[in-house]
Amino acid sequence: MDGTAVVKPLATIADDHPCLWGELEVRGSQPLQSWANATLLPPRRRKGQMLWWRRHSFGAFDGSGQHLRELSDMRGKRHCCHPAAQLEDNPYRENRLREHELVLYGGTLYDHIGHLILDSGRAYQLLREYRDSDLPIWFHDSTPHRHGHPTLKLALVREWFRQLGLGKRARLIRRPMRARQLVSSAALFCDRGFASQDLRVACLAALKPRLRERLEAIGPPKRRLAYLSRHKLSHGSTHFAQEAELVAQLNQLPHVDVICPEELNFEQKLSLYRRYDVVAGFPQASMTLKMFAPGERLAQQVMLLAGSRCLSSSWVNLDRATAGGDAYVDCAPADVQPMADDSSAPFQRSNCFNVETAVRAIQALSR
């Protein structure tokens, strides 16, 4: 590339863009649904399975014993922890069933910040209707005891649930449950699959009212551009090889603040979208928080792209489903071949980018 920076709407990206991977789809409303005499089974270890999405099975079943697939997750083409299709084919003890009159089911908890935030949409839908209820919201644990304790006890999960007001209401399904009435919704989001038009409304409703009020009280932006840097991260999906060099140049620009999201708490991350005109950076999990920031005049989010699989289709689906108005800049060098993924390495892949293109784009956006 010649270093020319062109900012383009993310919603219009071509289906065959070399950085893009996954399916593109926006789905309509996913309202709350109710099932009578439903059964929920806790996680059960599958012997001999090494892949995390097959290592355990759990799920919900309707009154006839049929698996409610809409309440189990997909990730791309992966069936995440799906049980056998018929209740009778899943071993469990009838005498351990706990009877409940009403169960609010929030879906599956994940220990990665992006999936924790995006895959909890069922809970956000429930909070639209049951915010003032004292009923617990029940979750499955995607990786029980992976950390030596349940995922619900992770500091990341506890802190996020405090932002939602769920600190005292969240419960894990640890034994079989029978619900006279089960209330939940189909997924609002599927990684590299689809996003629902309900997602933005549900996310706004999910924040604790006091937090939403504090964010709404923030005045007009006083700073032009926040660059969200990944250069201090030690592991993740994609490493951008020259980001430290980019950050060194951005630190010299007068209207650019370089920010490492992992050094901020959730409220500080959310406030970025009220305090800045532009939030830029390579695609990363903290960018999902824009959907929770209240108000119509939020920072435009601009994603820098470079290399194979650096842009999950999830970002395009989210932008199209929520009319987010985000944008992107191609920063990939023309002469670098994509590298194969290595799941055993700290980063699955390492991509190079044209530093001059990235600097020019951010200079232009910060004026």
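In helix H5 (residues 199–206) of this predicted model, Leu199, Arg200, Ala202, Cys203 and Ala206 are buried, where buried means under 20% relative accessible area with a 1.4 Å probe and protein chains only. These residues lie on the same side of H5, because they cover an arc of only 165° around the axis, the arc being that of the directions from the helix axis to the C-beta atoms. Helices (H or I, at least four residues) and strands (E, at least two) are DSSP runs, numbered from the N terminus. The buried residues of H5 pack against helices H3 (121–130), H4 (155–164) and H9 (313–322) and against strands S12 (189–190) and S13 (194–196), contact meaning heavy atoms within 4.5 Å.

S12 and S13 also belong to an open sheet of three strands, in the order S3-S13-S12 and with mixed pairing; two strands pair if DSSP finds at least two bridges between them. S3 (26–27) and S12 are the edge strands, each pairing on one side only. The pairing of S3 with S13 is parallel, over two bridges, and Ser196 in S13 is the bridge partner of Arg27.

Strand S6 (73–75), H3 and S12 each supply at least two residues of the lining.

Residues are numbered from 1 along each chain as its sequence is written. Local features need pLDDT of at least 70, side-chain atom pairs count only at pLDDT 80 or more, and totals for chains, interfaces and linings use all residues, while side-chain values use heavy atoms, leaving out hydrogens and water.

Technical notes: Buried means under 20% relative accessible area, exposed over 50%, partly exposed in between (1.4 Å probe, protein chains only).
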